[in-house]
Amino acid sequence: MSAQEKLIKESILQDHATQLLKQRGVKIEDIASIVYDLQKNYVDDLTMEYCIENVKKVIQKREVQNAIITGIEIDIAAETGAFSDVLSDLLMRDEGLYGIDEILVLSIVNVYGSIGLTNFGYVDKLKPGIIGKLNNEKSEQCNTFIDDIVGALAAAAASRIAHSQPTHDNINQNPKPETSYQGKH
Ligand code: MG
């Protein structure tokens with residue numbers, strides 16, 4: 001495959017992933033607003049625009065696109081009766097012990113290391129914003145995978161922002177010796 005063919009293929013995947021999110025009622029802004037809440041206490045002058053930019057950067061990753069497409073297409077297939085009655089029932093009820101949805105999206109959060117994982121656990125528990133809406137939605141739409149996909153995208157974007165911040169050591173490049181080890185001895 002030539003470099004150009006590879007680029008075209010990547011943009012097809014990205015367009016398809018973005019389109020699927022939109023089609024299922026999730027806007028980039030919905031995800032960014034969760035990111036904003038996750039990071040607002042840690043980043044000075046954090047803006048929604050910066051959160052949106054980071055969500056978009058996360059969606060540019062190939063492994064992230066693969067997870068979005070796979071998960072959402074499983075949700076859609078469950079609605080159309082493509083699976084056995086047993087699996088359809090698990091998916092349509094978002095059965096509590098199913099758990100494959102959370103496993104699939106680890107491929108999103110793992111891209112950004114352990115902060116991604118802890119952020120995901122946090123949003124998975126609290127279900128803020130659109131995640132809670134998707135989780136509680138009483139409709140014919142199967143949201144078993146998409147709620148975790150959204151949580152993982154938000155967690156990954158928040159981690160991306162966290163990793164781009166200066167570390168404590170960078171902030172205190174020249175700590176005074178008398179204060180830098182305060183309380184450690
Ligand atoms: Mg789920």
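A residue counts as buried when its relative accessible area is under 20%. The exercises below concern a predicted model.

**Exercise 1.** Determine which residues coordinate the magnesium ion and how the donor residues are spaced in sequence.

*Solution.* 
1. The ligands of the magnesium ion are Asp-101 (OD), Thr-144 (O), Asp-147 (OD) and Asp-148 (OD).

**Exercise 2.** Classify Asp-101 and Asp-147 as buried or exposed.

*Solution.* 
1. Asp-101 has a relative accessible area of 3%, so the residue is buried.
2. For Asp-147 the value is 4%, and this residue is therefore buried.

**Exercise 3.** Find the aromatic pair in the structure and characterise its geometry.

*Solution.* 
1. The partners are Tyr-98 and Phe-145, with 6.2 Å centre to centre and 80 degrees between the planes.
2. Planes over 60 degrees apart count as edge-to-face, and the pair of Tyr-98 and Phe-145 is accordingly edge-to-face.
3. Tyr-98 lies in the loop between α5 (85-92) and α6, while Phe-145 lies in the loop between α9 (130-136) and α10; the two are 47 residues apart and link distant parts of the chain.

**Exercise 4.** Classify Tyr-98 and Phe-145 by accessibility.

*Solution.* 
1. Tyr-98 has 19% relative accessibility and therefore counts as buried.
2. Phe-145, with a relative accessible area of 1%, is buried.

Methods:
Residues numbered from 1 in each chain as written. Predicted model: local features only at pLDDT ≥ 70, side-chain atom pairs only at ≥ 80, totals over all residues. Heavy atoms only, no water. Donors = N, O, S within 2.8 Å, 3.2 Å for Na, K, Ca; no water. Buried < 20%, exposed > 50% of the residue type's maximum accessible area, 1.4 Å probe, protein only. Phe/Tyr/Trp six-rings, centres within 6.5 Å; stacked < 30°, edge-to-face > 60°. Helix = DSSP H or I, 4+ residues; strand = E, 2+ residues; numbered from the N terminus.
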